[in-house]
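Please take a moment to look over the chain shown here before reading on. The paragraphs below lead through it step by step.

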Amino acid sequence: MRRFSLCGLLGTLLALVAWSASGRTPLPPDPVEPLLETLSAKRWQQHVFRLSENRGTWSRFTFRVREATIYDGAPPPDDALDQAADYLVRELQAYGYQVVEQVFSHTRYADLSTKQAEYRMRNVIAEKPGRGPHRDRILLLTAHYDSIASNSEGWEETWRTMIAPGANDNASGVATLLEVARVLAPLPLDATVRFVFFAGEEIGLFGSQAYAERIGTEASSLLGVLNLDMVGQEQDGNFDLHAVGDWRSAWLLEALEEVHRRWSLGLRLVLHQDSENRFSDHASFWEIGVPAVLISEEPMPHASSEWDPTYHTVADLPNHLNPSYGVAVGRFVLAAALFLAGLEEGSLPAPSAMGPLLAVGIYPNPYPRQEGGQLTIQYQLNQDAAVGVAVYDLHGGLLAQWEFPEGSPFGRQGLSPPLLWRPRDSTGSPLAAGSYVVSVEAKTQTTSARGTIRLLIVPSVRLLAPYRRSRVGVGP
Ligand SMILES: [Zn+2]
């Protein structure tokens, strides 16, 4: 039996996931631990240096591309960003990946109607196809590779030649994913893992927006997204790492907490639910309803005294990074990828041993009675299961109930469709302000799990302000 709770407004009160895991299977020896040791601090450091130095340009600014159409007579940029993209392609191909480049363009305007220039940039994509029954499910591991030094004097005028090393922001995230890609390459995975390196993040998340816009129906095959941004700088020795999700991503935060609990990673994991935090590419996936979590050394800019003082300056150089912290983050991301994508059938006991239910979420919670909208109930299954959803008052009185067969839209592996409900009592009147319980039970032939979550109904939205905060998760 395990207990866990997490609260925050625009997220959800995460489940007091109490489950009765019947039919526990004996755990085979853990194949993950030895794999974690194969990540290399030396290789991580080399990637950070090569990406920062970038063939002498010391920049990966997103407008420094080969394909630029200049309309205002300004000198054309060099191809620093493309040099970095070529480096990623070479590295990933060397690990045995098929690499795809997704080209998108961005037009810069002097004013509403006057074009300055159009720049064509590349997202670099490498896929590790799954081989198991869940091979159609895709876990995205992402990081932006462009850089900027807009906090340094003269940037606007001299960005074509000015250095923007971006060692921490975000060569550190790219280096971590390259190391994870190298270790994952030869492994037999159940689900598919896809690495995506975005351009255009620093000027407005343009690479991830282009990617999200083009994903189309494949969005429903996405398990989730882990987006790494600034994971190389550690000042106080606590090795704290922050994971930020929105309410739809509650189950992903839950899974990351399980990864942290299961493997000794030497990190202090801090979980946040904050739908306002749109400071990196994870937000582009929130826009299309895909669970996504930001993984970073700080939850948001200037959040604490540990915030990187070289942020977006010419001083963001490799020498202020901590490779052992970078590799510790790498171990966490590698363990998470193996946990979520699963080594091929039978080799990693992770999901099924926990029961079919990963997490439950309800939104909005607290629910403002006066506004009287629909309440959304959603949950995450790691396998097809028969599901029963019920709402009770605190005396155990049943207020609403739903049953969904295994394999039906609400009984399929993955994030369930939103179950909409207008909180009413048996007479049809709006439920009174107070506490209620939403319970979700998932059953398969061999195992079952139950998740319960407290629903708070408040008279009106005006009473919600005190609930807007995030909660720190677990320490080592
Ligand atoms: Zn960044």
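Predicted model: local features only at pLDDT ≥ 70, side-chain atom pairs only at ≥ 80, totals over all residues.

We begin with a pair of helices. Two packed helices are described by the angle between their axes and by the distance between those axes. Helix H3, residues 80–94, and helix H5, residues 167–184, pack at an angle of about 20° with their axes 10 Å apart, and since angles under 35 degrees count as roughly parallel, H3 and H5 are therefore roughly parallel to each other. Their crossing is right-handed. On the side of H3 the contact is made by Tyr 87, Leu 88, Glu 91 and Leu 92, while H5 contributes Val 174, Leu 178 and Ala 181; of these residues, six are nonpolar, none is polar and one is charged.

Helix H5 also holds Asn 170, and the peptide bond that leads from Asp 169 to Asn 170 is cis, with omega near 15°. A cis peptide bond also joins Tyr 363 to Pro 364, here with omega near -10°, and Pro 364 lies in the loop between strands E10 and E11.

How many of the 13 residues of helix H7 are buried? The number is 11, so H7 is largely enclosed by the rest of the structure; among the buried residues are Trp 251, Glu 254 and His 260.

Finally, consider two loop residues. Asn 54, in the loop between helix H2 and strand E1, has a positive phi near 45° without being a glycine, and Asn 54 is buried, with a relative accessible area of 3%. Phe 239, in the loop between strands E6 and E7, likewise is not a glycine and has a positive phi, of about 55°; at 18% relative accessibility, Phe 239 counts as buried.

Note on methods
Residues numbered from 1 in each chain as written. Heavy atoms only, no water. Axes fitted to C-alpha atoms, helices over the stretch in contact; angles between N-to-C directions. Helix = DSSP H or I, 4+ residues; strand = E, 2+ residues; numbered from the N terminus. Parallel < 35°, antiparallel > 145°, perpendicular 65-115°, else oblique. Left-handed = near helix turned anticlockwise from the far one by under 90°. Contact = heavy atoms within 4.5 Å. Nonpolar A, V, L, I, M, F, W, Y, C, P; charged D, E, K, R; others polar. Buried < 20%, exposed > 50% of the residue type's maximum accessible area, 1.4 Å probe, protein only.
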